[in-house]
Amino acid sequence: MARPTPGPWTIHLAQTVSVRPRNSDVLIARCFGAYAKVEANARLIALTPELAEACEDALGFLESGLPYNAKERLRAMVAKIKKGDSHG
């Protein structure tokens with residue numbers, strides 16, 4: 001199985017909305033439709049690499065029981081998703 005394109009991914013706004021790795025021409029996704037919804041969907045797609053990292057941290061915590069920053073990273077990721085912030 002191929003590994004996904006590493007993040008961070010950014011949003012490019014033009015006639016269509018696309019998601020690409022930062023400083024790359026590789027196309028991750030192109031979104032079509034009503035602009036506000038398309039932009040919101042693109043922002044969610046762009047958060048995928050960070051979301052995967054937060055999930056890995058949470059699994060590490062659940063599997064080992066060692067207290068570290070998994071809870072804080074998950075809270076931050078949920079806040080980013082709800083806000084639609086794919087830039088930090």
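Author: Leaving aside neighbours within four places in sequence, His 12 is in contact with Val 17, Ser 18 and Arg 20, contact being heavy atoms within 4.5 Å. The model is predicted, with local features needing pLDDT of at least 70 and side-chain atom pairs pLDDT 80 or more, while totals for chains, interfaces and linings use all residues. Residues are numbered from 1 along each chain as its sequence is written, and side-chain values use heavy atoms, without hydrogens and water.

His 12 lies in strand β1, residues 9-13; strands are DSSP runs of E with at least two residues, helices runs of H or I with at least four, numbered from the N terminus. The side chain of His 12 makes a polar contact with that of Thr 10 at 3.4 Å (a pair of N or O atoms within 3.5 Å, one able to donate a hydrogen and the other to accept it; residues adjacent in sequence count only if both atoms are side-chain atoms). His 12 counts as partly exposed because its relative accessibility is 33% (buried is under 20% relative accessible area, exposed over 50%, partly exposed in between, with a 1.4 Å probe and protein chains only).

Glu 39 is 27 residues from His 12 in sequence and 9.5 Å away, C-alpha to C-alpha. Glu 39 is buried in α1, as are Val 38, Ala 42, Arg 43 and Ala 46. These buried residues fall within an arc of 135 degrees seen down the axis of α1, so they line one face of the helix; the arc is taken from the directions from the helix axis to the C-beta atoms. They pack against β1, β2 (17-21), β3 (29-31) and α2. The face turned away from the buried side of α1 carries the exposed Ala 36 and Lys 37.

In α2, the buried residues include Pro 49 and Asp 57.
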